[in-house]
Amino acid sequence: MLALAAGAALAATVALVVVLLTRDPEAPRLRSDELSAEALIDSMGVNVHFTYTDTAYARQAELMARLRELGIHHVRDAMPSPVDSPLAAGLRAASTQGIHATLLPHDPTSDPGPLIADSRAVLGDSIAAFEGPNEPDNGGDPAWADKLLVYMPMLRDRVASQAPGVPLIGPSLVYPASRAQVQGRVPGLSNLHPYSGGGPPEPALGDALRELEGLRRRAPKPGVVFTEAGYHNAMNATGNQQPPASEEAAAVYMPRLFVDAFGAGVRRTFLYELVDEKPEPGLADQEQHFGLLRNDLSPKPAFNAVRTLVAALKASPGPSSSDRVPWDIVPDEPAEVQRLVLARRDGSRVIALWRPVSVWDQNTRQPIDPGRVPVALSFHGAGARDVTVWRPSVSADPVERHASVRRLPLELAGDLVLVSFR
């Protein structure tokens with residue numbers, strides 16, 4: 001993780017641009033205004049650093065238990081080479097839990113063939129994607145673009161020959177001018193790091209996708225991945241660092257980040273990162289406070305919120321017929337309310353509702369009360385059955401349960417609300 005892309009946190013909320021989304025081929029056919037709940041879960045990932053053996057990542061067995069508890073199916077780390085390294089051991093252990101890995105090169109100048117071979121030996125079919133170099137335009141090398149234009153075609157060819165069918169993600173670039181410089185000249189899915197600088201996620205996501213859409217008109221690329229996004233809690237960070245967000249604010253923003261990016265068509269979004277790497281009680285170094293877990297591996301509120309989001313999406317009330325329950329939201333166009341309709345494999349549904357508002361002031365570093373917006377879901381016909389209302393940033397359990405309902409009043413604050421029913 002490096003610097004915040006210029007201006008991303010300052011932009012006004014914009015309508016997100018819809019980009020190509022890979023559908024789950026085993027999912028049932030969805031209506032035009034629905035997405036797959038299982039695909040949303042599959043779009044969620046987290047960065048790890050199992051090669052950092054002088055940090056909390058050395059506690060691999062305990063971290064595996066936390067990953068299993070979190071419920072996310074994807075991690076991002078370096079290519080595991082050599083095959084007997086701590087990195088390889090960590091990724092191999094994750095794969096036994098059904099977790100797939102997106103893999104970066106160690107040295108983006110040498111032939112990646114041996115690294116790909118080791119990766120295949122360690123992970124087999126548990127490789128979700130190979131990725132280009134991480135933020136090469138932010139390391140002070142004036143020749144970064146020339147090197148990238150040599151390396152990326154070589155990486156593409158090695159992946160195609162040694163790991164056929166595994167997707168290739170392009171390099172992550174920090175600066176818009178860098179992306180414009182190489183757009184259309186390097187292979188792979190578009191790769192962005194839309195950090196929000198302590199603010200709500202929607203403006204940064206909108207900025208990133210709007211910029212990408214402009215580039216795609218000149219040189220189209222198939223799909224986009226956010227390989228880093230998230231928040232740090234170093235409340236005393238100053239200087240050339242991102243503004244922090246409190247642990248409580250990050251817990252509100254992260255579920256919205258996942259749902260908003262998925263709704264915009266982003267293939268996968270990786271939070272940065274799983275655990276605070278080293279103890280830093282002064283809360284001045286952002287690099288030590290991006291974790292979903294604290295350095296002692298205790299969960300932050302954001303860990304609990306993401307875990308509950310996954311659990312709520314999985315918690316089906318039971319099969320439903322292919323005829324969905326018709327519903328409306330009242331008022332018809334409530335101010336500042338975003339929505340996403342998700343269908344589970346068994347036909348039950350989830351309606352995600354949220355307001356893209358701030359709950360944290362980055363300047364004063366104090367919480368903001370976003371107020372409440374009253375809305376209601378009106379279910380027609382016989383109404384909805386087995387209704388549960390989840391607020392992942394507030395409670396690990398449903399906050400409401402109803403055997404059946406025709407009108408469900410809600411008050412939307414700043415956190416994501418999920419209404420599950422059949």
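The side chain of Ser420 makes a polar contact with the side chain of Arg344, at 3.0 Å. A polar contact is a pair of N or O atoms within 3.5 Å; within protein, one must be able to donate a hydrogen and the other to accept it, and residues adjacent in sequence count only if both atoms are side-chain atoms. This is a predicted model, so to speak of local features requires pLDDT of at least 70 and side-chain atom pairs count only at pLDDT 80 or more, while totals for chains, interfaces and linings use all residues. Residues are numbered from 1 along each chain as its sequence is written, and side-chain values use heavy atoms, with hydrogens and water left out.

- Ser420 is part of strand β19; helices (H or I, at least four residues) and strands (E, at least two) are DSSP runs, numbered from the N terminus.
- Ser420 counts as buried because its relative accessibility is 1%; buried means under 20% relative accessible area, exposed over 50%, and partly exposed in between (1.4 Å probe, protein chains only).
- Leaving out residues up to four places away in sequence, Ser420 touches Ala315, Pro317, Arg344, Arg349, Val350, Asp386, Val387 and Thr388; contact means heavy atoms within 4.5 Å.

**Salt bridges**

- The whole structure holds 20 salt bridges, each a side-chain nitrogen of Lys or Arg within 4 Å of a carboxyl oxygen of Asp or Glu.
- Asp276 and Lys300 form one of them, with 3.1 Å from N to O. Both partners sit in the loop between β9 (268-271) and α9 (301-314), and the pair links distant parts of the chain, 24 residues apart. Asp276 and Lys300 are both buried.
- Asp369 and Arg372 also meet through their side chains, at 3.5 Å from N to O. Asp369 counts as exposed because its relative accessibility is 61%, whereas Arg372, at 48%, counts as partly exposed.
- Arg422 bridges to Asp386 at 2.7 Å, N to O. Arg422 lies in the segment after β19 (417-421) and Asp386 in strand β16 (residues 384-390), so this pair ties together parts that are 36 residues apart in sequence. Asp386 has a relative accessible area of 29%, so Asp386 is partly exposed.

**Two open sheets**

- Strands of a sheet pair through backbone hydrogen bonds, either parallel or antiparallel. Here two strands pair if DSSP finds at least two bridges between them.
- Asp328 stands opposite Ser378 in β15.
- Another open sheet has six strands in the order β1-β11-β12-β19-β16-β17, with mixed pairing. The edges are β1 (34-36) and β17 (400-405); each has a single partner strand, so one side of each is left without a neighbour in the sheet. The twist from one strand to the next averages 25°.
- Five bridges pair β16 with β17 in the antiparallel sense, and Thr388 stands opposite Arg401 in β17.

**Asp77: buried without a salt bridge**

- Asp77 belongs to strand β3 (residues 74-78).
- Asp77 is buried yet has no salt bridge, and the nearest side chain of opposite charge, Arg76, is 8.5 Å away. Lys and Arg count as positive and Asp and Glu as negative; His and the chain ends are not counted.
- A polar atom of the Asp77 side chain lies 2.9 Å from the backbone nitrogen of Phe50.
- Setting aside neighbours within four places in sequence, Asp77 is in contact with Val48, His49, Phe50, Thr51, Leu87, Leu91, Thr102, Leu103 and Leu104.

**Pro112 in a loop**

- Pro112 sits in the loop between β4 (100-104) and α4 (113-123).
- Pro112 is buried, with a relative accessible area of 1%.
- Pro112 touches Tyr151, Met154, Leu155 and Arg158, not counting residues up to four places away in sequence.
- Pro112 and Val159 are 47 residues apart in sequence, and their C-alpha atoms are 8.8 Å apart in space.

Note on methods:
Axes are lines fitted to C-alpha atoms, for helices over the stretch in contact, and angles run from 0 to 180 degrees between N-to-C directions.
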